[in-house]
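Student: Could you take a close look at a single part of this model, and describe its side-chain contacts, its surface and the spaces beside it? I would value one connected account.

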Amino acid sequence: MATRAEEGELKYLEFVLKAAFRAAMCSLKFYSYAKDWSGPLKFGVEAMEGTVKSVVGPLYIKLHDPSKEVLKFVDRKVDESVTTIDRLLPLMVKQVSSQAISTALQTPEVARNLASEIQRTGLKGTVSGIVKSVYTKYEPKVEQSAASAMHTLNQLPVFPTVAQAIVPTAALYTEKYN
């Protein structure tokens, strides 16, 4: 079975061809528009167009195929690099990067949902709902982590002494703040 690169398709750099095609189409539209509105210069533009076509046409034919081959070559090198990197990366890094990509792909959907929620309940209601859901979801985990951290810190010889000096002051300022 032939690979995509062998069939003439690009695996990673197809966007380059698409971008070049779009740029060419935009340029052609712009040129056509400019030619139509050139007024009395239109005949001179058409004469120049014929000259340019006769000079650039053969050059385009000579350079068109090699440029595709260069792009295919670069695409194959990118594929080799990606394969090598994929083989060398630890599984943990692959999982994290896949999660990051998944999250990035979900971001527009989350933004749309958030915008519709803001329209439905207003900004204050939406923020309040998000804070409540985050609090109820993570509060037990935070308490457990804090208790574990305090237990570990209390095992250090200096920490209880420092804590006895700092905690009353912190409690006083926290009470004033609240």
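Tutor: Lys 77 is partly exposed, with a relative accessible area of 38% (buried is under 20%, exposed over 50%, and partly exposed in between, with a 1.4 Å probe and protein chains only). The model is predicted, so local features need pLDDT of at least 70 and side-chain atom pairs pLDDT 80 or more, while totals for chains, interfaces and linings use all residues. Residues are numbered from 1 along each chain as its sequence is written, and side-chain values use heavy atoms, without hydrogens and water.

The side chain of Lys 77 meets that of Glu 80 in a salt bridge, at 3.5 Å from N to O (a side-chain nitrogen of Lys or Arg within 4 Å of a carboxyl oxygen of Asp or Glu). Both residues belong to helix H2, where they are 3 residues apart, about one turn of the helix (helices are DSSP runs of H or I with at least four residues, numbered from the N terminus). Glu 80 is also partly exposed, at 45% relative accessible area.

Lys 35 is linked with Glu 49 and Lys 53 in a network of salt bridges. Over the whole structure, the search finds 5 salt bridges.

Together with Leu 28, Val 52 and Val 56 they line the second largest pocket (on a 1 Å grid, an open set of points for a 1.4 Å probe with protein on both sides within 12 Å along at least five of seven lines; lining residues have an atom within 4 Å of a point). This pocket holds about 160 Å³ of space. H2 contributes the most to its lining, with 4 residues. By class, the lining has 3 nonpolar, no polar and 2 charged residues.

Val 56 lies in helix H2, which covers residues 42-88, and counts as partly exposed because its relative accessibility is 40%. Val 56 also belongs to a nonpolar surface patch with Met 48, Val 52, Val 55, Tyr 60 and Ile 61, of about 600 Å² accessible area together (members have over 30% relative accessible area and no salt bridge, and nonpolar side chains are joined within 5 Å).

Tyr 60 leads on to the largest pocket, whose lining includes Tyr 60, Leu 63, His 64, Ser 67, Lys 68 and Leu 71, along with residues such as Val 16, Leu 17 and Phe 21. Helix H1 (14-36) and H2 are the elements that give two or more residues to this lining, and H2 gives the most, with 6 residues. The largest pocket has a volume of about 260 Å³. Its lining comprises 8 nonpolar, 2 polar and 1 charged residues.

Conventions
Patches are made of residues with over 30% relative accessible area and no salt bridge: like charges are joined within 9 Å, nonpolar side chains (Val, Leu, Ile, Met, Phe, Trp, Tyr) within 5 Å. Accessible areas come from the Shrake-Rupley method with a 1.4 Å probe; for residues, only the protein chains shown count as cover. Grid points are joined across faces, edges and corners, and a volume is the space filled by probe spheres set on the points. Ala, Val, Leu, Ile, Met, Phe, Trp, Tyr, Cys and Pro count as nonpolar, Asp, Glu, Lys and Arg as charged, and the others, Gly among them, as polar.
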